Amino acid sequence: MPAGAALTAESIGPVDVAVVAFDGNRFNGDVAPALRELQESGVVRILDLTFVRKERDGAVSVVELADSEVADQFERILGEEFDLLSDEDLETVAQGLAPESSALVVVWENAWATRLASAVRESNGQVLFMERVPRDGVERAVAALTEK
C-alpha cells in the first residue's frame, strides 16, 4: 500500500506496536535510518511514532516529535500520522519505564503481509494464535543447530 494511502480496515495488514526502551533521556537518531529503509522498501508502513521519557523524580513526559533533537530524521519516516496511540497508552508505557530512561513507541503496519491478511479474511479465516519468538529463544535454537 502506498505511503499516502487511506487507512481502512479492509486494506490494512497486520499491525504491531513496539516499545523500545533506552537508558537515559536523550534520544539519538540511530534507529531512524533502519525504520526509514523498512518503510521505503514497502516492508512496513509506520502509522504512529512517539517518544516518552521518565525523569529521575518519576515525572513523565511525552516528547513531541517536532520538539525532539532528532525530529528531522524521524519526520522523514512518519509522513502521514494516524495518531493511533492514546494519551492513556503513552502514560502506561511511561509508568513502566525506569527513572531516567526513555522509550520510542512505534506502531507499524506489516505491509508485507497485507495480501495474505486480505486472503485470510476473504476466505473467512481467522488467526487463532500468533506470537513473536523472543530473541533469546532464537539465539538458543540457532546455537543448538550448530552444536549438532
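Predicted model: local features only at pLDDT ≥ 70, side-chain atom pairs only at ≥ 80, totals over all residues.
## The overall layout

Let's start with the parts list. The chain has five helices and four strands, and if you read along the sequence, they come in the pattern β-α-β-β-α-α-β-α-α. Of the 148 residues in the chain, 36% are buried.

The four strands come together in an open sheet, lined up in the order 1-4-2-3, with antiparallel pairing. Strand 1 (15-23) and strand 3 (60-63) sit at the edges with a single partner strand each, so one side of each has no neighbour in the sheet. On average, neighbouring strands here are turned by 20° against each other, if you ignore direction. As a bit of background, strands of a sheet pair through backbone hydrogen bonds, and they can do this in a parallel or an antiparallel way.

Now zoom in on one pair. Strand 2 and strand 3 are joined in the antiparallel sense over four bridges. Val52 stands opposite Val62 in strand 3, while Lys54 has Val60 of strand 3 as its bridge partner. These two strands make a hairpin with five residues between them, and Gly58 in the turn has a positive phi of about 90°.

The largest nonpolar core has 13 residues, and Leu35, Ile46, Leu49, Phe51, Phe74, Val106 and Trp108 have the most contacts inside it. Helix 1, strand 2 (45-54) and strand 4 (101-109) each give two or more residues to this core. Apart from it lies another core, made of twelve residues, including Leu47, Leu85, Val93 and Val107.

Some nonpolar residues turn up on the outside, too. Leu38, Val43 and Trp112 form a nonpolar patch on the surface, and together they have about 290 Å² of accessible area. Leu38 belongs to helix 1 (residues 32-40), and it counts as partly exposed because its relative accessibility is 36%.

## Salt bridges

How many salt bridges are there? The count comes to five. The general idea is that side chains of opposite charge can pair when their charged atoms come close.

One of the bridges joins the side chains of Arg132 and Asp16, at 3.3 Å from N to O. This pair links distant parts of the chain, 116 residues apart: Arg132 is in the loop between helix 4 and helix 5, and Asp16 is in strand 1. Arg132 is exposed, at 60% relative accessibility, whereas Asp16 is buried, at 16%.

Another bridge connects Arg45 and Glu109, whose closest N and O atoms are 3.0 Å apart. Here strand 2 is linked with strand 4, across 64 residues, and both Arg45 and Glu109 are buried. Then there's Arg140 with Asp136, at 3.4 Å between the closest N and O atoms. Those two are four residues apart in helix 5, so about one helical turn separates them. Arg140 is exposed, with a relative accessible area of 55%, and Asp136 is partly exposed, with 42%.

Most residues other than glycine have a negative phi. Which residues have a positive phi here without being glycine? Glu100 is one of them, with a phi near 60°, and Asn124 is another, with a phi of about 60°.

Glu100 lies in the loop between helix 3 (87-95) and strand 4, and is partly exposed at 35% relative accessibility. Asn124 lies in the loop between helix 4 (114-122) and helix 5 (135-147), and counts as exposed, at 74% relative accessibility.

Methods: Residues numbered from 1 in each chain as written. Heavy atoms only, no water. Patch = residues over 30% accessible without salt bridge, like charges linked within 9 Å, V, L, I, M, F, W, Y side chains within 5 Å. Areas by Shrake-Rupley, 256 points an atom, 1.4 Å probe, with all protein chains shown as cover. Salt bridge = Lys/Arg side-chain N within 4 Å of Asp/Glu carboxyl O. Buried < 20%, exposed > 50% of the residue type's maximum accessible area, 1.4 Å probe, protein only. Core = buried A, V, L, I, M, F, W, Y, C linked by side-chain atoms within 4.5 Å. Pairing = 2+ DSSP bridges. Axes fitted to C-alpha atoms, helices over the stretch in contact; angles between N-to-C directions.
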